[in-house]
Amino acid sequence: MASKPGILTDWPWKPLGSFKYGILAPWAVHGTYQLIAKGPGERDFGYFLIFPFLLARMLHNQIWISLSRHRTAKGNNRILDRGIEFEQVDRESNWDDQILLNGTLFYVGHMAIPQASHLPVWRTDGVIITVLIHALVVEFLYYWLHRALHHHFLYSRYHSHHHSSIVTEPISSVIHPFAEHIAYYMLFAIPLLTTLIARTASMASFLGYIMCIDFMNNVGHCNFELIPNWLFTIFPPLKYLMYTPSFHSLHHTQFRTNYSLFMPIYDYIYSTMDQASDGTSETSLRRVEDSPDVVHLTHLTTPESIYHLRLGFASLASRPHSPKWYTWIMWPLTLATVAWTWICGHSFVLERNVFKKLKLQSWVIPRYNFQYPLQWSREAINGLIEEAILDANQKGVKIMTLGLLNQGEELNGNGELYIQKHRDLRTKLVDGSSLAVAVVLHSIPKGTSQVLLKGNLNKLAYAIAHALCARGIQVSVASKDEHAKLKRSLNGKYGGNLILSTIYSQKIWLVGDGLAEEEQKKAPKGTLFIPFSQFPLKQVRKDCLYHSTPAMIVPRSFNNLHSCENWLPRKVMSAWRVAGIVHALEGWNVNECGSMMFDMEKAWEASLRHGFRPLALPAM
């Protein structure tokens with residue numbers, strides 16, 4: 001929002017929320033109907049194409065969003081190092097509004113202007129006229145409109161909304177108040193209306209012109225340099241005719257230079273060209289990939305989880321993962337992404353962060369939850385994880401944390417398989433079990449005298465039972481087999497605090513994987529479920545409390561965090577991921593995987609010292 005919002009700031013369909021797409025439905029249906037029902041001479045293919053064209057625009061922009069986020073996470077050719085935050089993602093979440101405006105104007109224009117009907121597919125003269133009018137008229141008028149928008153009166157009421165994004169993403173290019181978009185569409189209508197009046201318009205000139213505007217907008221706001229310098233060396237006048245991402249990035253940092261739309265010639269003419277443009281471009285082109293200090297290795301969860309990644313839909317990635325109805329109608333694309341993950345044989349960079357002096361990255365193994373238990377797929381998954389570890393080792397990564405099922409006991413012995421196979425690894429593997437246990441222990445309300453331990457026994461379950469028994473807290477277990485295993489692991493110590501009980505009277509349940517819904521129903525009213533599992537417990541009781549999986553709130557100084565980690569809230573990070581960061585900050589040059597577990601209280605105190613905070617317990 002601008003600092004002093006002016007009239008026509010909000011979009012007229014803002015009150016409709018997600019139902020705003022229904023505005024175009026009558027026209028889209030009518031366009032399809034006339035294509036089917038009318039005869040060959042009466043059909044207007046251009047009218048029908050408007051709606052598919054709008055979908056193509058959305059897909060085109062989404063591809064740019066994913067590409068930009070992937071490239072800026074890797075670091076090569078990145079222009080600005082600053083991060084973006086959730087506030088910017090929220091502000092830019094309505095980037096599709098301008099596509100709805102485009103569709104509305106096209107449909108209304110088709111109805112109101114007779115020459116807009118039955119356009120030919122191609123007319124060379126119309127394309128040439130469109131290009132010339134854009135270069136000579138639109139670019140000139142846009143330059144002066146843009147300078148006017150930087151006058152304090154218009155800037156404070158309109159254009160400051162766009163400039164709130166110092167570090168731009170492709171969608172930043174279309175984040176403007178409604179009134180500003182009206183002004184831009186009036187400019188872009190000049191070549192289109194001229195060709196209509198001159199009867200030289202075609203579908204190619206109309207659709208191609210708007211798509212070219214999208215392409216150049218995305219190029220200018222992508223925050224990585226992709227225009228090679230040799231282009232300007234071979235053809236020097238090109239620097240007056242085509243801008244670069246670095247050129248427009250300087251406009252967002254300097255504000256008073258580089259006003260041109262896509263052709264810098266007017267900045268040269270009116271002496272508003274930023275002298276640092278060439279140098280910024282050269283510096284960005286020479287920039288190599290980042291060498292992170294800490295890498296968190298995670299994986300995809302459900303088939304639709306790819307949309308919730310930072311590289312997917314920004315609006316979904318910025319909120320905790322929860323099922324959305326509209327992802328079901330995208331099943332062809334979902335199936336295509338699943339097929340891609342089968343073919344893709346490498347992990348990929350998802351996210352970059354900076355905390356204190358550490359460079360952090362998240363990498364993704366292109367496999368889903370359902371693939372990890374399959375016996376025949378384990379070798380391939382272990383191969384992908386091993387390849388990622390060796391890649392991290394080659395890049396000089398200090399710590400790699402294994403997230404979710406990548407540290408499975410049956411899969412790789414909680415990561416021990418890799419350090420046994422590669423004993424010369426400089427990169428230390430951390431499964432984060434010590435901090436995860438510490439988070440669970442500190443989530444238990446003070447004064448608790450007894451807890452129920454449920455779910456599959458694993459490394460964390462044994463550590464939790466040992467710690468609680470040592471503190472004099474009674475730990476009840478319902479299974480005879482699990483009770484026997486836990487008792488043997490205690491070696492006679494504190495055994496009196498480990499109880500075999502089938503009476504579910506405890507109000508604190510510590511739960512792992514494998515807890516059935518029927519067992520949840522046995523809990524007394526008001527029970528607090530505290531998971532020690534990687535995945536959240538399904539909430540089947542409305543009269544009970546459910547705590548988060550082990551996680552911590554990140555410090556405010558944590559940079560470039562604008563997506564949620566799976567189901568966790570904003571600014572919250574899993575304990576397994578936090579553990580690797582703490583290990584690197586403290587300089588603990590040790591592995592924590594397999595049967596090895598770091599000092600729990602030491603990990604807990606270090607995390608607090610570095611600004612990480614526990615989550616508050618839920619309230620009834």
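Why does C344 count as buried? Its relative accessibility is 16%, and buried means under 20% relative accessible area, exposed over 50% and partly exposed in between (1.4 Å probe, protein chains only).

The views below show a predicted model, with residues numbered from 1 along each chain as its sequence is written. Local features need pLDDT of at least 70, side-chain atom pairs count only at pLDDT 80 or more, totals for chains, interfaces and linings use all residues, and side-chain values use heavy atoms, with hydrogens and water left out.

**View 1. C344 in its loop.** C344 lies in the loop between α16 (331–343) and β2 (348–355). Helices (H or I, at least four residues) and strands (E, at least two) are DSSP runs, numbered from the N terminus. Not counting residues up to four places away in sequence, C344 touches P366 and R367; contact means heavy atoms within 4.5 Å. P366 is 22 residues from C344 along the chain. Their C-alpha atoms are separated by 7.0 Å.

**View 2. Strand β3 and its partners.** Strand β3 covers residues 358–365. Seven of its eight residues are buried. Strand β1 (residues 294–299) runs parallel to β3, joined by six bridges. Two strands pair if DSSP finds at least two bridges between them. H299 has I365 in β3 as its bridge partner. Strands β2 and β3 run antiparallel, with seven bridges. Here N353 stands opposite L360 in β3.

**View 3. The turn between β2 and β3.** The hairpin of β2 and β3 has two residues between the strands. K356 takes a positive phi near 55 degrees in this hairpin.

**View 4. H110 in helix α4.** H110 sits in helix α4, residues 97–112. H110 counts as buried because its relative accessibility is 14%. Leaving aside neighbours within four places in sequence, H110 is in contact with D44, Y47, A116 and S117.

**View 5. A nonpolar surface patch.** I128, L132, L136, V137, F140, L141, W144, I269 and Y270 make a nonpolar surface patch of about 790 Å². Patches are made of residues with over 30% relative accessible area and no salt bridge; like charges are joined within 9 Å, nonpolar side chains (Val, Leu, Ile, Met, Phe, Trp, Tyr) within 5 Å. A salt bridge is a side-chain nitrogen of Lys or Arg within 4 Å of a carboxyl oxygen of Asp or Glu. Accessible areas come from the Shrake-Rupley method with a 1.4 Å probe; for residues, only the protein chains shown count as cover. Helix α5 (residues 124–149) gives the largest share of the patch, seven residues. L136 is found in helix α5. L136 is exposed, with a relative accessible area of 61%.
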